[in-house]
Amino acid sequence: MRGRPRADGPGARMKFTRDWEYPWTLLRGQADRGRRLLDCGAGYSPLPFLWASRGADVYALDRDALVASTPRYLAWCASQLVRDLASEARRAAPPPADPASTTARRPVEVPRAGRASPSRPRGRLARFARYHLARNRERLSRVARPDFWGPVSPALLRRYGVRYLNGDITRLPFADGTFDAVSCVSVLEHMARAARLAAVREMARVARPGARLVITYDVVDGDITGELVAAAGGAAIERVYFHASERLYAPNAPDVVGVVIQI
Ligand SMILES: C[S@@+](CC[C@H](N)C(=O)[O-])C[C@H]1O[C@@H](n2cnc3c(N)ncnc32)[C@H](O)[C@@H]1O
């Protein structure tokens, strides 16, 4: 797989704790030929591809992740750029004229010869475009050098045989007992309490008896492991607590919990 090397540090684009969340989940998923696995809230994670490279039959599901070929991704980048430009243009537009005030004494702007007037719409648009092209450079650079931050390439999905679905993990579109392992990495902390418990119930429903749920979450509103295990109706067979040593870099980084629940 092609990936971009990254340097850890305050500017790293991948969250530090993925350094153990991915390998830990990868191993606990026990991906082997003949096993069927599901990654819930997969985003742009490498996990489904790594599992598939070990011969497992892998499904990934996310609500928002973009699955797009290069031309579609380029079109999407362009639409984002246009959206940014439009919102800038709206913000930069002068407020509607107050009919009560008089503009008679306002000086008339006369552009100097050989120079574009800064207030001319075309000059302003060019400046906006330059600014936003620079801001979107990273997004655009993925066209030439895909990485794990999107989009999910249909060609990569085909090569690895990963099935990537758009959907909500609180309503999984699978029959009961379909999977040998279900993972969910760093998703539940982004959901409201009721929704995340519903999601765990769904994961347990689509897991076959004896299967494992492999879950990691950031401790943002306390340790919720007990609630998750109860919602799954299984038993926690392993629990790891990762104290964020990256506090050295990021003082408010949360701790992360990993739990394996046997159904
Ligand atoms: C922080 S990202 C983690 C992505 C991936 N698991 C990883 O480790 O890189 C959280 C992901 O959860 C997805 N997500 C959040 N709520 C969801 C829901 N109800 N159904 C499906 N996906 C959801 C988001 O779209 C996002 O891609």
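**Ground rules.** Numbering starts from 1 along each chain as its sequence is written, and my side-chain values use heavy atoms, with hydrogens and water left out. Since the model is predicted, local features need pLDDT of at least 70 and side-chain atom pairs count only at pLDDT 80 or more, while totals for chains, interfaces and linings use all residues.

**Ligand site.** I looked up what sits around the ligand and got 17 residues, with Y22, G41, D62, I169 and V185 coming nearest (a residue is near if one of its heavy atoms lies within 4 Å). By class I noted six nonpolar, six polar and five charged residues in that shell; Tyr counts as nonpolar and Gly as polar in this scheme.

The side chain of Y22 has an N or O atom 2.7 Å from a ligand oxygen. For the side chain of D62, I again found 2.7 Å to an oxygen atom of the ligand. At V185 a polar backbone atom lies 2.9 Å from a ligand nitrogen. The protein covers 84% of the 600 Å² of accessible area that the ligand has on its own (Shrake-Rupley method, 1.4 Å probe).

**D180.** I found D180 in strand β4, residues 179-185 (strands are DSSP E runs of at least two residues). Is D180 buried or exposed? I have D180 down as buried, at 13% relative accessible area (buried means under 20%).

The side chains of D180 and R208 are joined by a polar contact of 2.5 Å (a pair of N or O atoms within 3.5 Å, one able to donate a hydrogen and the other to accept it). Leaving out residues up to four places away in sequence, I listed G34, R35, R36, R208, A211 and R212 as touching D180 (heavy atoms within 4.5 Å).

Notes:
Helix = DSSP H or I, 4+ residues; strand = E, 2+ residues; numbered from the N terminus. Buried < 20%, exposed > 50% of the residue type's maximum accessible area, 1.4 Å probe, protein only.
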